[in-house]
Amino acid sequence: MTSKQVELYLEAARMENLTLAAEKSFVSKATMSRQLAALEEELGYQLFYHMGNAIRLTPEGEILKDTLEKMDVLMQKGLQDMADVHEGRRGHLVLGFTSDMCIPDAYLREIDIFRRKYPDIRLSYVAKPFTNYVNDLESGAIDIMLSHDMSMVKYKTLDRLLVAEARRKLYYGIRHPLAGKKDLSIKDFAGDIHWASVNADTPEQRASLKQITDYYGIPQFQTEYVATTHEIVFHLQLGEGFSIMDDFVLQNKSDDIRTLPVAEELPLIRLSIFWNRNHTNPCIPLFCDLVRRR
């Protein structure tokens, strides 16, 4: 049974007239009759009762018609599903985040919009410590990563798109010995302990801190590294030292934590999404285009 035979058979079964079915299928009546006869011979059943130009399905012919129509619906659905997957309207997208990051509200809204616009794309979320995510992006373990720019921009295999910017701040606790000082400035914390997450012990992060100490003309910070942001906050609440962070790391601070913004002349911290330039997931450009148009 060929696809052409199926097409002609269904047209004849629906029209119940060989001449009209042949005209609608753009074949001669002889070709139509020959193809239907070959189909009957192949299957071993009479499919039509012939009454001149008019035809009527036999019981076997009715069963074949119903079966082929169901197959046709499934085929059309399958072809549409294939197109949806190829164009990214259906599939799976893995979004990555830094585990101790405060996600900007605007980015959360974009995820909500994407879920409503593409309900057949399944979203998964992966939270990882601040580290080098290039391997995850290149292997496809993560499709799109939301991260600080610092350690990611140097990789030529990645594309990126700016999501938000924030100014760095010096965080300290109300129990710190300097907390009651008038006109407190960042310079006053020179020589004190600077707390940072161990995941921030990178050349890019150290260079970022050096921008601050150079600007204020103070010695480089004496940094002590701890495992998590929660540990940093704990030390600050005890009045021990300070930390340089931004709203993407510590947005909702407790009442016993205070901040001093760094000078406006210093560069802002940039938060971007990154993805593999040579990706094969058609869902990635759909998500990135939505973020780009906001």
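1. Backbone at Glu16. In this predicted model, Glu16 sits in the loop between H1 and helix H2 (18-24), and its phi is near 55 degrees, a positive value in a residue other than glycine.

2. Backbone at Asp183. A positive phi of about 55 degrees is also found for Asp183, although Asp183 is not a glycine. Asp183 is placed in the loop between strand S7 (169-173) and strand S8 (193-197), and with 74% relative accessibility it counts as exposed.

3. Packing of H1 and H3. Helix H1 (residues 3-15) and helix H3 (residues 29-43) have axes that come within 10 Å and cross at roughly 105 degrees, and the two helices are therefore roughly perpendicular to each other. On the H1 side the contact is made by Gln5, Leu8, Tyr9 and Ala12, which meet Met32, Gln35, Leu36, Ala38, Leu39 and Glu42 in H3. Sorted by class, the residues of this contact of H1 with H3 comprise seven nonpolar, two polar and one charged.

4. Packing of H5 and H9. The axes of helix H5 (residues 105-117) and helix H9 (residues 283-293) are 10 Å apart, and the helices pack at an angle of about 130 degrees. H5 and H9 are therefore oblique to each other, since an angle of 65 to 115 degrees would be needed for roughly perpendicular and one over 145 for roughly antiparallel. The crossing of H5 and H9 is right-handed.

5. Residues between H5 and H9. From H5, the residues Tyr107, Glu110, Ile111, Ile113, Phe114 and Lys117 meet Cys283, Leu286, Phe287, Leu290, Val291 and Arg293 in H9. The contact of H5 with H9 has nine nonpolar and three charged residues, and no polar ones.

6. Aromatic pairing. Which arrangement do the rings of Phe114 and Phe287 adopt? Ten aromatic pairs are found in a search of the whole structure, and among them Phe114 and Phe287 form an edge-to-face pair, with 5.3 Å from centre to centre and 70 degrees between the planes. As Phe114 lies in helix H5 and Phe287 in helix H9, the pair ties together parts that are 173 residues apart in sequence. Both Phe114 and Phe287 are buried, and they belong to one aromatic cluster that is formed together with Phe97, Tyr107, Tyr118 and Tyr125.

7. When its neighbours within four places in sequence are left aside, His235 is in contact with Trp195, Val226 and Glu240.

8. Position of Lys156. The loop between strand S5 (144-148) and strand S6 (158-166) holds Lys156, which counts as exposed at 67% relative accessibility. Lys156 and Trp275 are 119 residues apart along the chain, and their C-alpha atoms are separated by 11 Å.

Notes
Residues are numbered from 1 along each chain as its sequence is written. This is a predicted model: local features need pLDDT of at least 70, side-chain atom pairs count only at pLDDT 80 or more; totals for chains, interfaces and linings use all residues. Side-chain values use heavy atoms; hydrogens and water are left out. Axes are lines fitted to C-alpha atoms, for helices over the stretch in contact, and angles run from 0 to 180 degrees between N-to-C directions. Helices (H or I, at least four residues) and strands (E, at least two) are DSSP runs, numbered from the N terminus. Angles under 35 degrees count as roughly parallel, over 145 as roughly antiparallel, 65 to 115 as roughly perpendicular and the rest as oblique. A crossing is left-handed if the near helix is turned anticlockwise from the far one by less than a right angle, and right-handed if clockwise. Contact means heavy atoms within 4.5 Å. Ala, Val, Leu, Ile, Met, Phe, Trp, Tyr, Cys and Pro count as nonpolar, Asp, Glu, Lys and Arg as charged, and the others, Gly among them, as polar. Rings of Phe, Tyr and Trp (its six-membered ring) pair if their centres lie within 6.5 Å; planes under 30 degrees apart count as stacked, over 60 as edge-to-face and the rest as tilted. Buried means under 20% relative accessible area, exposed over 50%, partly exposed in between (1.4 Å probe, protein chains only).
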